Each structure stands twice: as C-alpha cells, then as structure tokens.
Amino acid sequence: MDNTPFPYWEQFKDMEVPDVKTIHRTMDSEQLIIFNLEDESEGTKRLFELAETLLDVLHNGRSSLIIDELDRSLHPVLSTELARMFNNPDINKNQAQLIFTTHDTSLLDREIFRPDQIWFTEKDKSMTKLYSLVEFQPCEDESLQKGYLKGRYGAIPFIGGLNI
C-alpha cells in the first residue's frame, strides 16, 4: 500500500496546467478585456476550483461530493444554483449527492431543500453535535432562515458567553 499523502499524484505530475483566460465586455462599449485567472475575483477563482469536480460528479453520479464551505467567496445566488443542480433530476440524472457546510443562511429555504436535507452542528466544550432540522418539526409556512437566526434550531455561535 502506498503511504504517500497523495497516492495518485504520480499520474498528474507531468500534466500541463492550462493557462486560463477570461474575457469581459465593458458595460459602456463593445470592448473586450482579457484577464488572467489569477487577476479574477476570489469568487471566480472559487468557481473554477469547484467546477470540474461538480460537473464530473453530476455527470458520473453514484458518488458523494463533500465541500467545506460551499459558499466561500461565492455570490449567494451562485451557491444556491450549485445546490439546486443536485436536486434537479434533469441535471443530476445519476443521483450524485452533495454534502456541504455553509454559513449562508439564504440556503435555508424549502424551495431549495427539504427539511430532512438540512442538518446543523453545534459545538460543545468537548465535541460537536450533529442534528437534523426535522427534530424541530418546522411548520410549512415557517421561514427556516428566520427561525435559525433567532436561535430556534440552535447552532448559533456563542461570543463572550452570550448567545448571538
């Protein structure tokens, strides 16, 4: 058994990395401006970072993709659409699963997720507790985002001993 941290690295070590360019049209003219990827916003770089893996998992299915902080540097509309892709049977034909963490409360929306798809974590002194939104039996017309921000479901940070 290979004990190197990245056992598959060998197959990629000689691979040529593409020089990615993006093209923008100015709002007040037909002029096109070319950017190197490193000159783009953090959100654009993050989208490029995720895109290949997201598309591969959606195309091939039968697997789970785990992403820590899906929303990091992404616009909330983009995070929402990425999550929706996994719940859309026309796009996710092979039933791939997306598991992610987020701090974007706009994703607490029944038009995006069923309550059984939403889980919270709450830190204790020695461990982290994982629990489902279903445990709170939210009403059909209840705003999940407002309920969460008001502390109804827990998982709210404590700062200076105060529950915020």
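Visitor: Where does Asn92 lie?

Guide: Asn92 sits in the loop between H2 and S4. Keep in mind that this is a predicted model.

Visitor: Is Asn92 buried or exposed?

Guide: Buried. Its relative accessible area is 6%, and the cut-off for buried is under 20%.

Visitor: Which residues is Asn92 in contact with, leaving aside neighbours within four places in sequence?

Guide: Leu58, Met85 and Phe86. The side chain of Asn92 also has a polar atom 3.2 Å from the backbone nitrogen of Gln95.

Visitor: You said Phe86. What else does Phe86 touch, not counting residues up to four places away?

Guide: Besides Asn92, Phe86 touches Leu54, Val57, Leu58, Leu65, Ala96, Gln97 and Leu98.

Visitor: How many residues are in the largest nonpolar core?

Guide: It has 27 residues. Phe86 is among those with the most contacts inside it, along with Ile67, Phe100 and Phe120.

Visitor: Which one gives the largest share?

Guide: H1, with 4 residues.

Visitor: New topic: the surface. Which residues make the nonpolar patch there?

Guide: Ile23, Leu32 and Ile34 make a nonpolar surface patch of about 330 Å².

Visitor: Where does Ile34 lie?

Guide: In strand S2, which covers residues 32–36.

Visitor: And why does Ile34 count as exposed?

Guide: Because its relative accessibility is 60%, and exposed means over 50%.

Note on methods. Residues are numbered from 1 along each chain as its sequence is written. This is a predicted model: local features need pLDDT of at least 70, side-chain atom pairs count only at pLDDT 80 or more; totals for chains, interfaces and linings use all residues. Side-chain values use heavy atoms; hydrogens and water are left out. Patches are made of residues with over 30% relative accessible area and no salt bridge: like charges are joined within 9 Å, nonpolar side chains (Val, Leu, Ile, Met, Phe, Trp, Tyr) within 5 Å. Accessible areas come from the Shrake-Rupley method with a 1.4 Å probe; for residues, only the protein chains shown count as cover. A salt bridge is a side-chain nitrogen of Lys or Arg within 4 Å of a carboxyl oxygen of Asp or Glu. Helices (H or I, at least four residues) and strands (E, at least two) are DSSP runs, numbered from the N terminus. Buried means under 20% relative accessible area, exposed over 50%, partly exposed in between (1.4 Å probe, protein chains only). A nonpolar core is a set of buried Ala, Val, Leu, Ile, Met, Phe, Trp, Tyr and Cys residues joined through side-chain atoms within 4.5 Å. Contact means heavy atoms within 4.5 Å. A polar contact is a pair of N or O atoms within 3.5 Å; within protein, one must be able to donate a hydrogen and the other to accept it, and residues adjacent in sequence count only if both atoms are side-chain atoms.
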